[in-house]
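Let us go through this model by question and answer. Each reply ends on the value or name asked for.

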Amino acid sequence: EKQFKIEIMKTKTIALLGIALIGGSTAFAQKSKVISAFNYNKSFQRDKDCSELKKGIAAIESAANESSTNTWAKTYYYGGNLYFNALTAAPEECRASIPNALDKSMEFYTKMLKYNVEDNESIKNADLNTEAGRAMLKNVISNKQTKYEDSDWHRDVMGYKIPVMANAYINKGVEAFQNKDPKGALENFETSMYLTELNNRIDTLAIYNSALAAENSQQYDKALKYYSKLIELNHEGAKVYGYKAALYRKMGDTTSAVATIQEGRKAYPEDKALIIEELDYYLQTGKSVEALKNLDLAISKDPENSLLVFARGTIHDKMENFEKAEADYKKALELKPDYFDAAYNLGAMYFNQAAVYNNKANELNYKETTKIKEATAKAQEYFAKAKGPLKKAHEIDPSDRATMDSLMKVYINEGDNENYKI
């Protein structure tokens with residue numbers, strides 16, 4: 001019985017030793033794969049043999065999925081280098097056969113950054129696929145007191161690899177946008193922003209592109225966030241207020257659109273585009289006094305703009321400031337001789353004034369002959385004034401019915417039967 005027990009104990013000991021040897025052998029194999037990956041990369045850098053690059057990638061992927069080596073900074077630095085070479089140094093055919101090189105470079109290098117940090121278990125356990133994990137990584141590597149397992153690796157990735165990848169994601173985003181994939185474009189632009197922010201830098205181009213891609217993919221909350229960020233950074237100046245306001249209008253939020261334009265006017269009081277944006281709101285809501293102020297300012301910035309001069313004329317016309325309206329309509333025609341609206345409005349204004357005096361004459365007591373004559377004379381004066389601009393409007397657009405109707409009434413009033421045939 002004793003002999004039997006001793007043999008059982010020996011068997012257990014041998015079995016336990018076997019397990020230990022197998023476990024140790026697996027760990028050793030994975031560690032050797034990290035070294036093999038490094039050597040395959042060196043071989044590729046020397047000979048540009050794509051098969052060496054792919055062997056290295058296979059080895060490092062195996063090591064990255066093994067518990068004994070998947071928390072090594074070295075694993076992810078060597079893996080990042082392999083994928084980065086596939087992205088930047090491989091012949092075109094080889095690069096095309098490894099289409100995920102950019103995403104894998106980013107994945108491996110950012111994991112290297114977190115595992116390369118010394119004495120910080122929190123960052124080592126952070127999930128870099130979440131906003132919280134990415135924010136933690138940024139905070140840790142931004143801290144000048146942070147120590148690293150290998151400072152050279154850190155400097156290489158932060159100083160060279162990260163900027164190259166950030167730019168590659170911008171290009172990938174632009175390509176996606178051009179291929180009518182704004183959602184995919186946004187993902188790439190946001191990844192570029194993340195990488196750039198790791199270096200405590202801000203890429204306004206990536207933010208601007210993200211805003212456009214978000215808007216085009218109908219992710220309006222994100223678009224508004226990025227437009228607001230651009231305003232905060234004073235990128236593109238007054239233009240961004242216009243972009244943000246236009247998005248609010250697209251969303252049906254007129255109140256926020258107007259508020260955004262007014263914020264822009266405070267920041268850029270002399271900007272013509274914002275002046276006109278605000279003017280459009282005043283015109284649509286019938287705020288004539290405010291509209292005139294904006295028009296005066298806009299015209300002072302662009303005195304040769306016939307549209308602005310004409311718009312001011314229409315407001316003066318509505319407010320019965322006829323002399324000022326007349327001056328603006330004439331100025332608009334001077335600036336643009338074929339301006340149909342300016343010619344028609346000038347003629348219509350005169351015609352309407354003639355009608356007012358005609359009605360006044362008709363309403364007077366027949367005994368008030370002097371006043372009737374005065375009113376009738378004024379009516380004839382304005383009918384005569386109306387003829388010239390209405391003829392001009394008809395020459396510019398012979399098909400306009402309203403112009404022809406008004407002009408025929410002028411000819412009838414004059415007894416001009418020949419021109420009445422118009």
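Q: Which residues is Leu 198 in contact with, leaving aside its neighbours within four places in sequence?
A: This is a predicted model: local features need pLDDT of at least 70, side-chain atom pairs count only at pLDDT 80 or more, and totals for chains, interfaces and linings use all residues. Residues are numbered from 1 along each chain as its sequence is written, and side-chain values use heavy atoms, with hydrogens and water left out. Contact means heavy atoms within 4.5 Å. Beyond those sequence neighbours, Leu 198 is in contact with Thr 110, Leu 113, Leu 137, Lys 138, Ile 141, Met 158 and Ile 162.

Q: Which residues touch the most other members of the largest nonpolar core?
A: A nonpolar core is a set of buried Ala, Val, Leu, Ile, Met, Phe, Trp, Tyr and Cys residues joined through side-chain atoms within 4.5 Å. Buried means under 20% relative accessible area, exposed over 50%, and partly exposed in between (1.4 Å probe, protein chains only). The largest core has 48 residues, and those touching the most other members are Leu 53, Ile 98, Met 112, Leu 137, Met 165, Leu 195 and Leu 198.

Q: Which elements give two or more residues to the largest nonpolar core?
A: Helices (H or I, at least four residues) and strands (E, at least two) are DSSP runs, numbered from the N terminus. The contributors of two or more residues to this core are helix 1 (2-47), helix 2 (50-64), helix 3, helix 5 (101-115), helix 7 (131-142), helix 8 (151-178) and helix 9 (182-198).

Q: How many residues does the second, separate core have?
A: Its members include Leu 295, Leu 308, Met 349 and Leu 390. This separate core has 34 residues.

Q: Which cysteines does the disulfide join?
A: A disulfide is a pair of cysteine sulfur atoms within 2.5 Å. A search of the whole structure finds 1. The S to S distance is 2.1 Å, and the pair is Cys 50 and Cys 94.

Q: How many residues apart are Cys 50 and Cys 94?
A: Cys 50 sits in helix 2 and Cys 94 in helix 4, so the pair counts as a link between distant parts of the chain. Cys 50 is buried at 17% relative accessibility, and Cys 94 is buried at 5%.

Q: Is the disulfide of Cys 50 and Cys 94 right-handed or left-handed, and why?
A: The handedness follows from the torsion about the S-S bond.
A: Ala 90 lies in the loop between helix 3 (73-88) and helix 4 (92-96). Ala 90 counts as buried, at 5% relative accessibility. Its contacts are Phe 44, Leu 53, Asn 85 and Arg 95.

Q: Which side chain makes a polar contact with the side chain of Glu 61?
A: A polar contact is a pair of N or O atoms within 3.5 Å; within protein, one must be able to donate a hydrogen and the other to accept it, and residues adjacent in sequence count only if both atoms are side-chain atoms. Glu 61 is in helix 2. At 2.6 Å, the partner is Tyr 83.

Q: Is Lys 48 buried or partly exposed?
A: Lys 48 is in the loop between helix 1 and helix 2. With a relative accessible area of 37%, Lys 48 is partly exposed.
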